[in-house]
Amino acid sequence: MNILQALPLFVATALAEIVGCYLPYLVLREQRTPWLLLPAAASLALFAWLLTLHPTAAGRVYAAYGGIYIAVALLWLWRVEGVRPTATDLLGAALCLAGAAVIVLGARR
């Protein structure tokens with residue numbers, strides 16, 4: 001799997017994790033219906049399954065995924081929560097994505 005094939009999988013994995021964590025946040029912090037915990041659990045199960053689809057060692061996947069997760073989380077902050085990321089948010093995400101790229105592109109096995 002090349003990087004262009006892996007990127008959508010990383011993004012889908014990040015979205016599944018964010019949704020799975022955001023819904024309980026709404027229940028606990030915003031007093032939303034506890035029924036949101038059911039799709040949250042399903043989303044976290046999807047997240048775990050998506051992690052198994054990545055073709056390299058789990059530790060390397062988790063390390064590279066971290067950079068993608070941070071970038072997707074900032075997009076979530078902006079698009080879902082309505083908070084515009086700051087310049088330092090974007091710089092931090094860029095540094096994390098650069099680190100993820102080093103891990104993915106430098107992987108030999």
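A residue is called buried under 20% relative accessible area, exposed over 50%, and partly exposed in between, using a 1.4 Å probe and protein chains only. At 48% relative accessibility, Trp 49 is therefore partly exposed.

The structure is a predicted model, in which local features need pLDDT of at least 70 and side-chain atom pairs count only at pLDDT 80 or more, while totals for chains, interfaces and linings use all residues. Residues are numbered from 1 along each chain as its sequence is written, and side-chain values use heavy atoms, with hydrogens and water left out.

**Overall architecture**

The chain contains 4 helices and 0 strands, where helices (H or I, at least four residues) and strands (E, at least two) are DSSP runs numbered from the N terminus. The C-alpha trace spans about 45 × 35 × 20 Å along its principal axes. Of the 109 residues in the chain, 30% are buried.

**Nonpolar core**

A nonpolar core is a set of buried Ala, Val, Leu, Ile, Met, Phe, Trp, Tyr and Cys residues joined through side-chain atoms within 4.5 Å. The largest one has 21 residues, and those with the most contacts inside it include Phe 10, Leu 23, Phe 47 and Val 72. Helices α1 (3–29), α2 and α3 (58–79) each give two or more residues to this core, and α1 gives the most, with 10 residues. Contact means heavy atoms within 4.5 Å. Leaving aside neighbours within four places in sequence, Leu 23 is in contact with Leu 36, Pro 39 and Ala 40.

**Surface and accessibility**

Trp 49 lies in helix α2 (residues 37–52). The loop between α3 and α4 (87–106) holds Gly 82. The C-alpha atoms of Gly 82 and Gly 59, 23 residues apart along the chain, are separated by 33 Å.

The table gives the accessibility of selected residues.

| Residue | Relative accessible area | Class |
|---|---|---|
| Trp 49 | 48% | partly exposed |
| Cys 21 | 43% | partly exposed |
| Cys 96 | 29% | partly exposed |
| Gly 82 | 61% | exposed |

**Cysteines**

A disulfide is a pair of cysteine sulfur atoms within 2.5 Å, and a search of the whole structure finds 0 disulfides. The sulfur of Cys 21 is 17 Å from the closest cysteine sulfur, in Cys 96, and this is too far for a bond. Cys 96 is likewise in no disulfide.
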